[in-house]
Amino acid sequence: MRRIDYKLIEDLVPQGSTVLDLACGDGELLGQLIRDKGVRGSGVDVSQEAVEACVRRGLSVFHGDLDAGLADFADGSHDVVILSMSLQQLRRPRMIVREMVRVGRQAIVSFPNFAHWTPRLQLFAGGRMPVSRDLPYQWWDTPNIHLCTVKDFRALCLEEGLCVEHELFLRGVDKPPPQRAVLPNLMARVAIFAVTRC
Amino acid sequence: MTGGLTAARHPRTWVVMTAAKHPDRKEIGDVAMGLGADAGSAGIVRTRHVTFDQPGQELALEGGGTLAPFTVAYETYGKLSERRDNAILVTHALSGDAHVAGLHSANDRRPGWWDMMIGPGKGLDTDRYFVISSNVIGGCSGSTGPASENPATGRPYGTDFPIITIADMVNAQAMLLDQLGIDKLLAAVGGSMGGMQVLEWAVAHPERVHLCVPLATAARQPTQAIAFNEVGRQAIMADPDWRGGHYYDGKPPAKGLSVARMVGHITYLSDEAMQEKFGRRLRDIHDYSFTFSADFEVESYLRHQGLSFTNRFDANTYLYITRALDYFDLTRQHGSLVQAFRNVTARFLVLAFSSDWLHPPYQLKEIVSALRATHKHVSYYEVESHYGHDAFLLEREKIEGIIGAFLASGARTFAPPG
């Protein structure tokens, strides 16, 4: 699957910048950023398989639990800190957003938008917790414990004193974004935010 | 090698080592490869020696003065490539030696100390890499140390042997590599004191090492480790047989060395591992003996570990090497760790073990943070294990994959000079 969301994140990252990718998984996005944007990048992940996969790709990766914060990373040590499609899986998402703008000048956060019309409809019409291609889990086995919406994230930024530099909305991680985002909180399956401290 | 729970897994089959008391040199004949060795074994190997006795081959020591002449015992596994781009140096811990993998003879019952990691198809795959291991200077397994002959007196050095440091050990290894025709290592890999040597390699010889894998170690010997070492040294020096370190014409201070080893051994384990392996089990008795004999299995195990250690290790070497450990501090010369790592070019994979209380993960993270401060290429992995410090010698399944992956990806970016 071609990850359009990765491409859009890549476009937001300045050439040659220092990048920290949180919950980097097997390092696909990070590897792409290093290859295409010449960034000096490293990742963080809690899983052994992910760390090993990154090492196999020749990436620099730190084995750590994001729920414990980013204590091992110094203030302002990176230009960009990325959290791709994992915010909803963390125990303390607000804390991690705060940590991201402490460690990095800019934070890029992408997440599935729970206010998209399909989960809304499933909950409204079916009366069941939404299950979809983007959120394929049952309520009892989902790792997505802190789902939020575009409006929720904007509200969090406001409360945290963060300025939103970019908002991008996708109809799916593999779908190109529409020319003009109409009713993003209803129409976007995926949102990408680039924020800084105001 | 720190020893460890490998023996405890089969407590009824402990084997007392019967090596010569001060094996200044191991002379083992060549035997055909493959005899008596399992698949995955590095096969039958032989310890070799190189002696540096030519003018200009003195080892200038960090503490002042020189060591000359001196001998380095080493073993190699696998084949050096034509481009000389596949050499990996494995550095040993306090009680280790050059025999890191394979067997010394077809009926050798004790493979090298990191045999689990080194051999065909293993993490350090000898089908791809040329692995080198040497006994440190100050050691007692073939390299020049306090039990070696002092050319000035014709008798063993004893405590006239100069104080050596981790940097001295590494400089001796560098001379060995010169001798083997290796300009630049693909990797340096080692745990505990071996990890300190790996760090020293990266700092002191940045142009000679491409990848570094320090495990269960620290950039400066922590206070608690100095404290335990001091207990060990005091035990040795309190033994009347120690005689100021000049005991080679008589009985060695076996009792003192044995106590030192017992203390050390405890620091290599963990509360959980000891609880699991020994609990409060009694040894061959149904009730307390109401004496001071070794009622508990853990006592018996430690006594055995201490005693068997005295059969293969020199007490003075224990003093010198623990001193080298205690003096190790990369911040000392450079002001800070970040500064110490400034000229490092090697890529790092740093491995910590969750239950290691001799070198807890925070000490490894300190290394990682300092490297990261100047944007060095560094990866960190914390292995979940209850084996304590010795985990790096035991947790094959948990470290082999990541080390193998690191070496393989690093080898792709390696071009040795010339």
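Two residues are in contact if their C-beta atoms, placed from the backbone, lie within 7 Å. Keep that idea in mind as you look at this predicted model, starting with chain B. Among the contacts in chain B with a separation of 6 or more, 74% are between residues 24 or more positions apart. For chain A, the share of such contacts that join residues 24 or more positions apart is 64%.

## The two chains side by side

Here are some overall values for each chain.

| Chain | Residues and buried share | Helices and strands | C-alpha extent along the principal axes |
|---|---|---|---|
| A | 198 residues, 42% buried | seven helices, seven strands | about 45 × 35 × 30 Å |
| B | 418 residues, 53% buried | twelve helices, twelve strands | roughly 70 × 50 × 50 Å |

If you walk along chain A from the N terminus, its elements follow the order α-β-α-β-α-β-β-α-β-α-α-β-α-β. How compact is chain A for its length? Its radius of gyration is 16 Å, close to the 16 Å that the globule rule gives for 198 residues, so chain A is as compact as a globular protein of that length. The same kind of check works for chain B: a compact globule of 418 residues would have a radius of gyration near 22 Å, and the 21 Å of chain B agrees with this.

## Inside chain B

Let us begin with the strands. Strand E9 of chain B covers residues 185–191, and seven of its seven residues are buried. This strand has a partner in E5(B), residues 87–91, with which it pairs in the parallel sense over four bridges. In your view of the structure, you can look for B:Thr91, which stands opposite B:Gly190 in E9(B). E9(B) also pairs with strand E10 (residues 209–215) of chain B, again in the parallel sense, over six bridges. Here B:Leu185 stands opposite B:Val209 in E10(B).

Next comes a helix, H2(B), which is made of the twelve residues 193–204.

Now for the nonpolar core. The largest one holds 176 residues. Which of its residues touch the most other members? They are B:Ile88, B:Ile118, B:Ala187, B:Cys212, B:Val213 and B:Val350. Leaving aside residues up to four places away in sequence, B:Ile118 touches B:Ala42, B:Tyr77, B:Val90, B:Val100, B:Ala101, B:Leu124, B:Thr126 and B:Val131.

## Where the chains touch

How many residues of each chain take part in the contact between A and B? On one side are 14 residues of chain A, and on the other are 19 residues of chain B. On the chain A side, helix H3 (48–56) and strand E3 (60–63) each supply at least two of the touching residues. Sorted by class, the side of chain A that touches chain B has five nonpolar, four polar and five charged residues.

In chain A, A:Ala23 is not a glycine, yet it has a positive phi of about 50°. You can find A:Ala23 in the loop between strand E1 (18–22) and helix H2 (28–37) of chain A. Is A:Ala23 buried or exposed? With 20 other C-beta atoms within 10 Å, A:Ala23 is buried, because a residue counts as buried if 20 or more lie that close.

A:Met85 has a positive phi too, of about 55°, and is not a glycine either. This residue is in the loop between strand E4 (78–84) and helix H4 (93–103) of chain A. A:Met85 has 21 C-beta neighbours inside 10 Å and therefore counts as buried.

Finally, return to chain B for a cis peptide bond. The bond runs from B:Ala68 to B:Pro69, with omega near -10°. B:Pro69 is in the loop between strand E3 (66–67) and strand E4 (70–77) of chain B.

Notes
Residues are numbered from 1 along each chain as its sequence is written. Chains are lettered from A and ligands numbered from 1 in the order in which they are written. This is a predicted model: local features need pLDDT of at least 70, side-chain atom pairs count only at pLDDT 80 or more; totals for chains, interfaces and linings use all residues. The radius of gyration is taken over C-alpha atoms; the globule rule is 2.2 Å times the number of residues to the power 0.38. The expected span of a helix is 1.5 Å times one less than its number of residues. Ala, Val, Leu, Ile, Met, Phe, Trp, Tyr, Cys and Pro count as nonpolar, Asp, Glu, Lys and Arg as charged, and the others, Gly among them, as polar. A nonpolar core is a set of buried Ala, Val, Leu, Ile, Met, Phe, Trp, Tyr and Cys residues joined through C-beta atoms within 7 Å. Two strands pair if DSSP finds at least two bridges between them.
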